Amino acid sequence: MTPLKMELENISFTYNIKPVLNDLSVFIQENDFIGLIGPNGSGKSTLLKVMSAIIKPDSGSIKFKGSETRNINKKNFAQSVSWIPQGHPMVFPFKVSEVVLMGRHPYLSPLSFESHEDFKISQRAMQTTMTSHFSDRLFNEISEGEKQRVMIASALAQNPELLLLDEPTSALDLKYQIEIMSILKDLNTNHKMTLVVAMHDLNLASRFCNRIILLNDGKIVSDGTPLKVLQKDILEEVYGIELDLYSKNGHTLIHPTIGK
Ligand code: ADP
Ligand code: MG
């Protein structure tokens with residue numbers, strides 16, 4: 001059996017009084033490429049934050065490679081698990097290369113400077129994400145698709161085993177969506193990285209992910225291969241609209257029913 005990367009068991013989380021994650025269990029296997037789907041407000045971002053230890057669940061257990069995360073040294077965990085939030089809140093005028101180098105932060109000792117090795121790893125991350133040619137430009141002045149690639153480069157510089165991304169393709173046009181998903185697929189296939197990607201586009205999830213987790217109201221409705229999870233009746237109930245499903249080259253294609 002494939003080793004487990006992260007085990008979340010009976011996780012519940014409440015903001016104020018509203019339950020957002022409700023007794024939810026997920027086992028992430030090594031080298032999974034999981035598409036986390038579900039309507040707005042279903043708990044995708046909250047689940048990613050729990051996985052990345054940004055927030056603590058009210059109850060339940062989280063293990064990373066067999067150890068309870070609360071017993072793992074924070075620095076070691078930060079080197080192993082990387083989270084890319086939705087959007088790009090950065091407002092400071094950093095250069096692209098500086099943003100990527102920030103990914104090395106969990107490896108630095110207090111007050112120490114980046115080493116030659118840190119620069120080399122950052123450069124490799126920029127090559128993988130095709131961002132080297134604009135490394136001297138300001139992050140605030142590049143396009144959304146370029147920003148997303150830089151965020152991925154920065155996460156790669158961290159050299160994580162588990163990469164968590166919150167809607168990396170949502171602000172992008174079709175070409176950039178495919179480009180980002182192809183970069184992620186390459187990391188999964190050729191760099192053995194485990195990925196969990198919150199996303200809205202069911203067709204992209206179907207085409208690129210080996211596993212899909214469908215959330216609704218803080219619970220897992222379905223978890224399995226795209227062929228298993230992307231079923232007309234389940235999706236219509238969760239999203240509350242009529243859908244047409246097709247099969248092409250072994251992938252499921254979905255779009256809202258038009259003209260009814
Ligand atoms: P998704 O990413 O699937 O859209 P979220 O995890 O962002 O869902 O949100 C799940 C629920 O938690 C929503 O009802 C949302 O309003 C609520 N929520 C999210 N963040 C906060 C917050 N900081 N404070 C209070 N409620 C929140
Ligand atoms: Mg979200």
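Is Phe 13 buried or exposed? Phe 13 is buried, because its relative accessible area is 8%, and the cut-off for buried is under 20%. The legends below describe a predicted model.

**View 1. Phe 13 and Tyr 15 form an edge-to-face pair.** The structure holds 2 aromatic pairs. In this one, the ring centres of Phe 13 and Tyr 15 are 4.8 Å apart. Their planes meet at 90°, so the pair counts as edge-to-face. Phe 13 is buried. Tyr 15 has a relative accessibility of 35%, so Tyr 15 counts as partly exposed.

**View 2. Phe 64 and Phe 77 also pair edge-to-face.** The centres of these two rings lie 5.8 Å apart. Their planes stand at 80°. Phe 64 belongs to strand β4, residues 59-64. Phe 77 belongs to helix α2, residues 74-80. The pair therefore ties together parts that are 13 residues apart in sequence. Both Phe 64 and Phe 77 are buried.

**View 3. Thr 46 sits in helix α1.** This helix covers residues 44-51. Thr 46 has a relative accessible area of 8%, so Thr 46 is buried. What does Thr 46 touch, leaving out residues up to four places away in sequence? Its contacts are Phe 13, Tyr 15, Val 20, Leu 21 and Ile 55. Two of these, Phe 13 and Tyr 15, are the ring partners of View 1.

**View 4. Ile 152 and Leu 184 have the most contacts inside the largest nonpolar core.** How many residues does this core have? The core has 43 residues. Helix α5, residues 144-157, supplies the largest share, with 7 residues. Not counting residues up to four places away in sequence, Ile 152 touches Ile 84, Thr 129, Leu 165, Ile 180, Ile 183, Leu 184 and Leu 187.

**View 5. Another core lies apart from the largest one.**

**View 6. The charged end of Arg 104 sits over the ring of Tyr 107.** Where is that charged end? The charged end of Arg 104 is 4.0 Å from the centre of the Tyr 107 ring.

**View 7. Lys 175 lies over the face of Tyr 176.** Here the distance from Lys 175 to the ring centre of Tyr 176 is 5.6 Å.

Conventions: Residues are numbered from 1 along each chain as its sequence is written. Chains are lettered from A and ligands numbered from 1 in the order in which they are written. This is a predicted model: local features need pLDDT of at least 70, side-chain atom pairs count only at pLDDT 80 or more; totals for chains, interfaces and linings use all residues. Side-chain values use heavy atoms; hydrogens and water are left out. A nonpolar core is a set of buried Ala, Val, Leu, Ile, Met, Phe, Trp, Tyr and Cys residues joined through side-chain atoms within 4.5 Å. Buried means under 20% relative accessible area, exposed over 50%, partly exposed in between (1.4 Å probe, protein chains only). Helices (H or I, at least four residues) and strands (E, at least two) are DSSP runs, numbered from the N terminus. Contact means heavy atoms within 4.5 Å. Rings of Phe, Tyr and Trp (its six-membered ring) pair if their centres lie within 6.5 Å; planes under 30 degrees apart count as stacked, over 60 as edge-to-face and the rest as tilted. A charge sits over a ring if NZ of Lys or CZ of Arg is within 6 Å of the ring centre and within 35 degrees of the ring normal.
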